[in-house]
Amino acid sequence: MNILVLDIGGTLIKTGICDENGHLTQMKEYPTELQNGEKNIIDKLNNIITGFHDYEAIGVSIAGCVDSEEGYIYSSGNIPDLNGLRLKDVLEKKFCVPVKIENDVNAAALGEKYYGAGKGFNDFLCLTIGTGIGGAIVIDSTIFKGHKGIAAEFGHMITHPRGARCSCGGSGCYETYASATALVKNARKINQKYFNGRIIFAEDNQQDKELERVIHDWVYEVALGLTSLIHIFNPPAIILGGGIMEQEKLVHMISAKVKELALESFSDVKILKASLGNKAGMYGAAQLILNGEYYKSGRNIT
Ligand SMILES: [Zn+2]
């Protein structure tokens, strides 16, 4: 069975064809920005999907608050055209195949569960640390959704009461202190040249004692939130994604700090780096279909 997968982000739309054994082929990327006379994002998606053939279902991973049961997008911060849209219905009507949609971090967690660092764990938490902090809760190998399907907004846990303002309108949120954006912001107060993770962790800059302090303070902020989550969920593993986690030593530093902060009986938790990189969302989008009723019932739903 071939599944057309789309991973719709604020900057890029990644696509490909995934078969039921997890082989991802025909991968292509398109800018999310409208171009060539496209009227809106639906117009763009139609153009992209029309370029693919020989698929039986469509799986979509998308940044934002998504009701995956209904295929409804409450809000997608970076792509306002999608807000309030029943994307599943729109695509099913147009392309006459079953469609499943899911929030991007949930999709990435599903990808890691079936094809990546989450293999072998029935329960784990997943966090993507980037511009903000996204979260997913996997229990019994499925995504825990919450009342409206939008659980695991870990980035907006309050770790600093009456702290700095957050983009959500609240203050003191975890992501304001522990996102990659927060690290870069603090590092640039020392030197403007520290404008991304790769430069901050470059070998040449490791003699900068002020930078070392900023990194350690940030690792503490990351570990602080993880420790609360560990005390609530008692997971066997936490998987950390986001470009910043490509820095080899970071996962070890965070893991060591968590072991310092967590109650001893929780300290066997494994802190792992996500292993699928920017393909996790596409693998997860495929798994939405493979876990669904369409595939399980012998593909006789049209
Ligand atoms: Zn917030």
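Modeller: Across the interface of domain 1 and domain 2, the rule finds 1 salt bridge. A salt bridge here is a side-chain nitrogen of Lys or Arg within 4 Å of a carboxyl oxygen of Asp or Glu. Lys145 and Glu102 form a salt bridge through their side chains, at 2.4 Å from N to O. On the side of domain 1 that touches domain 2, strand β5 (residues 65–67) gives the largest share, 3 residues. That side divides into 3 nonpolar, 1 polar and 2 charged residues. Nonpolar covers Ala, Val, Leu, Ile, Met, Phe, Trp, Tyr, Cys and Pro; charged covers Asp, Glu, Lys and Arg; the others, Gly among them, are polar.

The ground rules come next. This is a predicted model: local features need pLDDT of at least 70, side-chain atom pairs count only at pLDDT 80 or more, and totals for chains, interfaces and linings use all residues. Residues are numbered from 1 along each chain as its sequence is written, and side-chain values use heavy atoms, with hydrogens and water left out.

The assignment puts domain 1 at 2–103 and domain 2 at 117–275. Such bounds come from an automatic or database domain assignment. The C-alpha centres of domain 1 and domain 2 are 28 Å apart. Domain 1 brings 6 residues to the contact and domain 2 brings 5, where contact means heavy atoms within 4.5 Å. Together the domains bury about 440 Å², with 45% of it on carbon and sulfur atoms. Buried area is the accessible area (1.4 Å probe) that two parts lose on being put together, summed over both. Cys65, Tyr74 and Glu102 supply 61% of what domain 1 buries against domain 2, more than any other three residues.

Glu70 sits between β5 and β6 (72–75). Helices (H or I, at least four residues) and strands (E, at least two) are DSSP runs, numbered from the N terminus. Glu70 is partly exposed, at 42% relative accessible area. Buried means under 20%, exposed over 50%, partly exposed in between (1.4 Å probe, protein chains only). Leaving out residues up to four places away in sequence, Glu70 touches Arg86 and Lys88. Its side chain makes a polar contact of 3.2 Å with that of Arg86.

Among the buried ones are Ile41, Leu45 and Ile49. Cover for the buried residues includes β1 (2–8), β2 (12–19), β3 (24–31), β4 (57–62) and α2 (87–95). Asn40 caps the N-terminal end: one of its side-chain oxygens lies 3.1 Å from the backbone nitrogen of Ile42.

Two backbone angles deserve a check. Gln26, in strand β3, has a positive phi near 50° without being glycine. Gln26 is partly exposed at 47%. Asn36, in the loop between β3 and α1, also has a positive phi, about 50°, and is not a glycine. Asn36 is exposed, at 75%.

Note on methods: Polar contact = N/O pair within 3.5 Å; in protein donor to acceptor, adjacent residues only side chain to side chain.
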